[in-house]
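Work through the exercises below with the sequence and the model open. Each task is followed by a solution in steps.

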Amino acid sequence: LGAMAEGQQRTTSEDLSPERVAHNEAVVYYCRVFVSLLGGCVAGILGLTNLHGVLAYACASAVASLLLLVHARAPLRECFPSVWTLWTHGSMQGLLSFVLFWTLFYDIVHVYS
């Protein structure tokens, strides 16, 4: 940790605005679910099965988190109560959406063709 200039204070989770945190978490949730839908479609169309499909979700989720991290305009400590929120918020809902679209597109392309 670097030294802080005089007059600056560290942002703690108590200092964060609940409305802004809720908005930021909603944006993370939306992005993660959207990327999971796209990833599920791609995995289904490519015919990925078993572990390859799970790895596709892990890659899609990691890419979504990295893109959100790169495009953050403020330090993460000013946006979220925990840095792990960016990596984990909405992961289970994203996984369920991924599996739904993965199986749907796999069936459409490979089973019913």
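**Exercise 1. Sort the residues that line the largest pocket by class, then state where they come from.**

Step 1. The lining holds 11 nonpolar, four polar and three charged residues. Ala, Val, Leu, Ile, Met, Phe, Trp, Tyr, Cys and Pro count as nonpolar, Asp, Glu, Lys and Arg as charged, and the others, Gly among them, as polar.

Step 2. This is a predicted model, in which local features need pLDDT of at least 70 and side-chain atom pairs pLDDT 80 or more, while totals for chains, interfaces and linings use all residues. Residues are numbered from 1 along each chain as its sequence is written, and side-chain values use heavy atoms, with hydrogens and water left out.

Step 3. The lining comprises 18 residues, and N24, A72, R73, A74 and C79 lie nearest the pocket centre. Two elements give two or more residues each: α1 (18-46) and α2 (51-71). The largest share, six residues, is from α1. Helices are DSSP runs of H or I with at least four residues, numbered from the N terminus.

Step 4. The pocket holds about 470 Å³ of space. A pocket is an open set of points on a 1 Å grid over the protein atoms alone, where a 1.4 Å probe fits, with protein on both sides within 12 Å along at least five of seven lines; lining residues have an atom within 4 Å of a point. The volume is the space filled by probe spheres set on the points, which are joined across faces, edges and corners.

**Exercise 2. Is S65 buried or exposed, and what does S65 touch?**

Step 1. Find S65 in helix α2.

Step 2. S65 is buried because its relative accessibility is 1% (buried is under 20% relative accessible area, exposed over 50%, partly exposed in between; 1.4 Å probe, protein chains only).

Step 3. Beyond four places in sequence, S65 contacts R32, L86 and W87 (heavy atoms within 4.5 Å).

Step 4. The side chains of S65 and R32 form a polar contact of 3.0 Å (a pair of N or O atoms within 3.5 Å, one able to donate a hydrogen and the other to accept it).

**Exercise 3. Which residues make up the largest nonpolar core?**

Step 1. The core has six residues: V28, L68, L76, C79, F80 and L86. Such a core joins buried Ala, Val, Leu, Ile, Met, Phe, Trp, Tyr and Cys residues through side-chain atoms within 4.5 Å.

Step 2. Outside four places in sequence, L86 touches V28, R32, S65, L68, L69, L76 and F80.
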